[in-house]
Amino acid sequence: MHLIKTYGIVMVLTLLALNALKPNTIASLSPIDPIHTESPRATLMGFIHTVKNRYDIGLGPQGMMTLYMASGRLFPTEEEELGLHRMYVTRNIPPKYMDMSAIPDASKIQTVWRLSCQLKEILDRLPMPSEKDIPDEATANREHINDWRIPGTSLVISRITSGPHAGKFLFNAETVANIPKYYEAVKDMPYLEGNSTPGLYNYTFHQPTGMAMFLRHVIPVRWFMSLPDWTQTLIADQPIWRWCAIVIALAAFAALFQLSRFIAQRKARGTRQDRAYWGLLPAIAIVALTPAYTYLFSEILRISGVVYTGFNVFFWGVFFMTLTWLVWRSGQLIAEAIIISNEINAVSIDSQIIRLGLRLVSLILSLGLLTEGANRLGLPAYSILTGLGIGGLAVALAAQHTLANLLGSLIIMFEKPFRVGHWIKAGKVEGIVEDVGFRSTLIRTLQNSVVSVPSSDLVNQSIENMTTRKFRLARRQVYLSLKTPISKVETLMTQLRAIITEGDPDAKTAAEVILKSISGKGYEIMFDFRVKAPNEAVELKEQQRILLAMAQCAEHEGIQFSMYNDWSDAHHAASGESEAGHEQPSESKSPSAEAE
């Protein structure tokens with residue numbers, strides 16, 4: 001039950017995290033008209049006006065923050081709260097004018113927000129052409145314009161030819177990728193008159209506005225906005241106050257992780273299963289903390305630039321690797337829990353099937369998680385998988401024997417011609433099955449050695465399961481001296497038949513005692529009997545009982561055995577061995593009965 005809860009928590013955390021990582025799908029807002037990107041003019045002017053309107057809501061002369069800071073109040077009013085909400089939702093509008101296809105999904109929301117602010121800062125410092133000089137839809141279609149460059153800049157608006165944005169004019173992917181470089185080149189230039197938004201990027205990503213908005217109902221926003229000037233000093237595009245917050249946040253992360261390890265160690269003092277379950281706690285802590293910390297860094301602290309990229313890749317990389325291990329390990333624990341709860345032999349084929357099945361499920365889930373994680377972090381995971389598919393064919397050809405053994409093991413596990421502990425004969429190998437693995441089957445022979453038989457060889461030959469026989473058939477023959485009176489020969493045969501059928505009435509129909517021949521070797525008596533025995537040891541004891549009883553009867557009747565006795569088992573008879581093929585005993589061999 002604990003394991004099911006643990007696995008459920010893992011799945012819930014996975015869904016929540018993947019939801020947090022989903023691409024930036026921006027829903028339409030009813031107060032704002034749908035954006036127009038049917039021409040370079042519509043795209044450029046639409047972007048400028050959208051960012052300017054958002055700026056006016058918060059930082060303009062009648063903006064929410066301007067009025068709040070001038071009011072002297074500690075906490076914002078309801079109307080200012082509404083303005084804050086409008087600022088938050090409208091931040092997702094400007095990125096719609098940009099081709100974001102090259103930006104990893106894991107960092108898309110925060111990255112395009114930052115890039116849109118930087119792009120607006122660039123446009124505010126460069127002279128823009130008059131609106132009539134920018135191609136509209138009719139001009140773009142008439143002159144077949146697919147790319148338009150803002151005069152005097154490297155900023156290009158291109159018509160998208162494929163994908164969900166096909167036909168739209170957007171700032172192309174190359175321009176979007178170079179925005180940080182362009183911003184660094186012009187950030188010290190003065191703003192031009194018009195639709196400029198002075199201090200937009202600095203206010204959004206250098207001031208502690210994220211923390212101020214997040215804690216605005218607990219700590220007054222003006223306190224955050226009144227930090228000393230030295231805290232705004234930039235190091236790697238991050239102000240000092242943010243570096244302090246990062247150090248504190250990472251220390252808290254390490255402390256929480258160590259706490260989870262401490263709890264796991266304290267609780268893991270019971271059974272082996274308990275230790276295994278509690279051993280998942282540190283990994284669960286990482287999976288649970290990662291989405292929270294990425295939200296902290298992107299939305300509250302608003303880390304930017306290469307620092308944000310590095311943190312984002314590190315945390316989500318650790319998240320997906322940890323989640324992959326957690327899914328794999330949980331699959332193993334579930335398999336063992338099923339085996340224990342159903343009281344299945346831990347080394348039986350049934351338990352191997354359960355383990356194999358859950359390993360395959362865990363493997364598929366793990367590969368899916370790693371692929372999705374790599375794709376969200378911007379790695380070409382699907383292209384790599386395509387390449388692996390082609391290369392995998394060559395690997396499969398090179399490893400065909402290994403794959404054949406794996407398939408053979410699966411056939412053995414599902415068809416179950418034998419189980420662990422069964423006595424089998426397969427070709428020249430005979431013994432007790434000790435383990436059925438994914439490549440080979442281990443058999444302990446009658447010489448107490450262990451033979452590893454490839455599973456592909458095992459399924460391609462006849463397998464005789466000795467354990468599942470209802471009875472074991474044995475055939476023996478004995479020679480009596482020609483000096484023995486025939487009446488005593490008949491008496492011995494009658495007594496031998498009674499010995500064989502003693503305690504087993506069903507054996508009467510199977511027992512055969514006949515006088516096969518009379519020759520210079522003596523009277524040849526052949527007798528068959530079957531033994532109900534679960535294993536070879538019981539079978540040998542039963543054969544010993546019959547042979548000793550026969551010898552005692554012969555001794556009681558004064559019957560002498562011939563020196564030509566040769567004992568043959570049933571499999572010798574089945575192989576068609578003739579008397580001429582038997583090794584003749586030496587003159588010095590004892591005339592007493594011999595057992596095989």
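Analyst: Begin with a cysteine. Cysteine 117 is buried, because its relative accessible area is 4% (buried is under 20%, exposed is over 50%, partly exposed is in between, with a 1.4 Å probe and protein chains only). Cysteine 244 counts as partly exposed, at 42% relative accessibility. The structure holds 0 disulfides (pairs of cysteine sulfur atoms within 2.5 Å).

The model is predicted: local features need pLDDT of at least 70, side-chain atom pairs need 80 or more, and totals for chains, interfaces and linings use all residues. Numbering starts from 1 along each chain as its sequence is written, and side-chain values use heavy atoms, without hydrogens or water.

Now the helix pair. Helix 2 covers residues 40-58 (helices are DSSP runs of H or I with at least four residues, strands are E runs of at least two, numbered from the N terminus). Its 19 residues should span 27 Å at 1.5 Å a residue (1.5 Å times one less than the number of residues). The end C-alpha atoms of helix 2 are 28 Å apart, which agrees. Of those 19 residues, 15 are buried, so helix 2 is largely enclosed by the rest of the structure.

One partner of helix 2 is helix 5, residues 108-125. The two pack at about 105°, with axes 11 Å apart (axes are lines fitted to C-alpha atoms, for helices over the stretch in contact, and angles run from 0 to 180 degrees between N-to-C directions). Helix 2 and helix 5 are therefore roughly perpendicular (65 to 115 degrees; under 35 is roughly parallel, over 145 roughly antiparallel, the rest oblique).

Which residues in helix 2 meet helix 5? They are Leu44, Phe47, Ile48, Val51, Lys52 and Arg54. From helix 5 come Trp113, Ser116, Leu119, Lys120 and Leu123. Contact means heavy atoms within 4.5 Å.

Strand 12 and strand 13 (residues 522-531) share 7 bridges. Leucine 515 has isoleucine 525 in strand 13 as its bridge partner.

Last, the whole chain. It has 21 helices and 13 strands. Of its 596 residues, 44% are buried.

Methods
Two strands pair if DSSP finds at least two bridges between them.
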